[in-house]
Amino acid sequence: MAAVSAIGVVFASMAAYGFSVLLKPLSLEFGWSRETTSTAYSWFTLASALAAPMVGPLLDRSGPLRVALPCMIANGLGIALLSTMTASPARLYLLYSVLGLAVIGSSPLAFSRTVSTWFDARRGSALALVIAGGAVGSMVHPPVIDALVRMAGWRTACLIMGAVVVGVGVPLVALFVRERQAGAGSSPVETSGATMAAAVRSRTFWTLIVVVAVAAIAFNGVVVHIVSLLTDRGVASGRAAIALSVMGAAGLSGR
């Protein structure tokens, strides 16, 4: 279950880690500045941040599968729709905002809920495996997407990426991701832990939020711009994409 959930996270991470590769082609295609183009990623992350507090209770009420599947489908369709992009930054921002909403529903947030019902003694290891799916995605997506862009152009690359999410990721999740049920009933197994009210009064909770937020600011700033920065300095796009993959490999070892 943890391994399949990790695969789901790999597909969910495609939009985020593919953006670094697409940043420069989009800027050149439409004559946008890097600031204008990269603002789309800000809308992407902002939408995810705003949606997360709503997705959590929805996962508790409806179960991860009913949330993750529609979100994965929306994720794949959203990536494919990038191929129809016109010279309108507002359209780019709207599309990435929708992608941000879709991605959070098929992120480790959703799959960790599933895995937590199956593991008790080794829950930390199982959750680490799920979160490692994002690191695997950051290793695989940049060089593959860069190769697609060089061979077929960024529009065709987006179509292929979206088709892979819908055609491969969605069936895998639909077939194999399940919450453990409580006995013969239909209710999922309850996991132990503090209530939401107790959590928001906890110093540990807010310490974690601050630490994760600071780390995310640094990490996302690098992820978005590193490929463009390196290619501006004469590095081949394939090697620049591999530099992003090296970051993913370091993240994988840590997780």
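Gly76 sits in helix H4, which covers residues 64-81; helices here are DSSP runs of H or I with at least four residues, strands are runs of E with at least two, and both are numbered from the N terminus. Because its relative accessible area is 0%, Gly76 is buried, where buried means under 20% relative accessible area, exposed over 50% and partly exposed in between, with a 1.4 Å probe and protein chains only. This is a predicted model, in which local features need pLDDT of at least 70 and side-chain atom pairs count only at pLDDT 80 or more, while totals for chains, interfaces and linings use all residues. Residues are numbered from 1 along each chain as its sequence is written, and side-chain values use heavy atoms, with hydrogens and water left out.

**Around Gly76**
- Leaving aside residues up to four places away in sequence, Gly76 touches Gly162, Val165 and Val166; contact means heavy atoms within 4.5 Å.
- Gly76 and Cys158 are 82 residues apart in sequence, and their C-alpha atoms are 9.3 Å apart in space.

**Around Ala241**
- Ala241 belongs to helix H11, residues 237-254.
- Ala241 counts as buried because its relative accessibility is 0%.
- Its contacts, again not counting residues up to four places away in sequence, are Pro142, Pro143, Asp146 and Val227.
- From Ala241 to Ser20 the C-alpha distance is 8.4 Å, although 221 residues separate the two in sequence.

**How H2 meets H7**
- Helix H2 (residues 14-30) packs against helix H7 (residues 123-152) at an angle of about 35°, with the axes 8 Å apart; axes are lines fitted to C-alpha atoms, for helices over the stretch in contact, and angles run from 0 to 180 degrees between N-to-C directions.
- On the H2 side, the contact residues include Met14, Tyr17 and Pro25, and on the H7 side they include His141, Pro142 and Asp146.
- The residues of this contact divide into eight nonpolar, five polar and one charged; Ala, Val, Leu, Ile, Met, Phe, Trp, Tyr, Cys and Pro count as nonpolar, Asp, Glu, Lys and Arg as charged, and the others, Gly among them, as polar.

**The protein as a whole**
- You will find 11 helices and zero strands in the protein.
- The C-alpha trace spans about 55 × 40 × 35 Å along its principal axes.
- Of the 255 residues, 43% are buried.
- Among contacts between residues at least 6 apart in sequence, 80% join residues at least 24 apart.
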